[in-house]
Amino acid sequence: MKRILKKSFAMMLAGLMLCMMLSGTAEAAVQYPKTKTLYLQQKGSGNWYYGSLSVSNLVAGETVLKSSVKSSNPAVMYVTGIDRNIYISQDSDGESRLEESDLINLHYTRTGTSKISFKVGKKTYTSTVKVLPYVNPVAQLTISGVKNGSSSNLAGKTSRGCNQNVTLKVGSTQKNAVLSVKAASGWKITYVSYYNKRQNVSRGCSSRGASSLSMRLGNLNTGTGANVYIDLENIKTGGTLNCSYVLR
């Protein structure tokens, strides 16, 4: 009778361990975007831009095998390296475990599509990455005391590109300056930030996907050298563009 009980207990323990292993495997399923859209950040070709592909929910010891990462279309996009981040995660029961997330860095120069494949362990994963031409994601941008020629709408400043720290000239000192931005059709604003090192002022505002947003900048002096950053996302493709400006 004791032998039977011992055997039953051993079988139950083995079954419990198997369930735990299966549960752990399910929880540790590799997460990554099956498809991703990137945009050229300027009109025309010949410029190189950087993008990335995030691979997460890796348990400690699991990594993207560097030698396995390949691009099906290197003329459009190729891989420059992998950044790794190891951290401690905690589930709802308070259990902690080491996890890793890998960032596959991409370099692209023209429109087109490439399949990025990589291995984690013995399994191969593939993500289809599409590069679309540059479009101006900003329909309207106004900043107190700043003009584009005779127009107060500064959106034309990013008609050909938005990542080159577009220079904006502050005509005269402004008290309680305000920035207002409206996204182009099909785009939404995700975040707007303002940083003025000389005045030690830093402001940020999340729009939660709104099409327009206004933010107070405080006093704005000429020759300030302050920076403005506007992050936008295409509603249909999920691709993003980041517009950056320097106020002079």
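**Surface patch, core and cysteines of the predicted model**

A nonpolar patch on the surface is formed by Ile86, Ile88 and Leu98, which together have about 330 Å² of accessible area. The model described here is predicted. Leucine 98 lies in strand β5, which spans residues 96-108. The relative accessibility of leucine 98 is 44%, so this residue counts as partly exposed.

For the protein chain as a whole, the secondary structure consists of 1 helix and 15 strands. The chain has 248 residues, of which 37% are buried. Its accessible surface comes to about 14400 Å², and carbon and sulfur atoms contribute 51% of that area. Among contacts with a separation of 6 or more, 65% are between residues 24 or more positions apart.

In soluble globular proteins, nonpolar side chains tend to be buried together. In the present model, the largest nonpolar core contains 56 residues. Phe118 and Ile143 are the residues with the most contacts inside this core. When residues up to four places away in sequence are not counted, phenylalanine 118 touches Tyr32, Leu53, Val55, Val64, Ser68, Val69 and Ile104, as well as Lys123, Thr124 and Tyr125.

Asparagine 227 was considered as a polar position. This residue is located in strand β14, which covers residues 226-234. Asparagine 227 has a relative accessible area of 17% and is therefore buried, the limit for that class being under 20%. Apart from neighbours within four places in sequence, the residues in contact with asparagine 227 are Ser193, Tyr194, Tyr195, Tyr245 and Val246.

The cysteines were examined for covalent links. A disulfide is a covalent bond between the sulfur atoms of two cysteines. The structure contains 0 disulfides. For cysteine 162, the closest cysteine sulfur is that of cysteine 243, at 3.7 Å, which is too far for a bond.

Note on methods:
Residues numbered from 1 in each chain as written. Predicted model: local features only at pLDDT ≥ 70, side-chain atom pairs only at ≥ 80, totals over all residues. Heavy atoms only, no water. Patch = residues over 30% accessible without salt bridge, like charges linked within 9 Å, V, L, I, M, F, W, Y side chains within 5 Å. Areas by Shrake-Rupley, 256 points an atom, 1.4 Å probe, with all protein chains shown as cover. Salt bridge = Lys/Arg side-chain N within 4 Å of Asp/Glu carboxyl O. Helix = DSSP H or I, 4+ residues; strand = E, 2+ residues; numbered from the N terminus. Buried < 20%, exposed > 50% of the residue type's maximum accessible area, 1.4 Å probe, protein only. Contact = heavy atoms within 4.5 Å. Core = buried A, V, L, I, M, F, W, Y, C linked by side-chain atoms within 4.5 Å. Disulfide = S-S within 2.5 Å.
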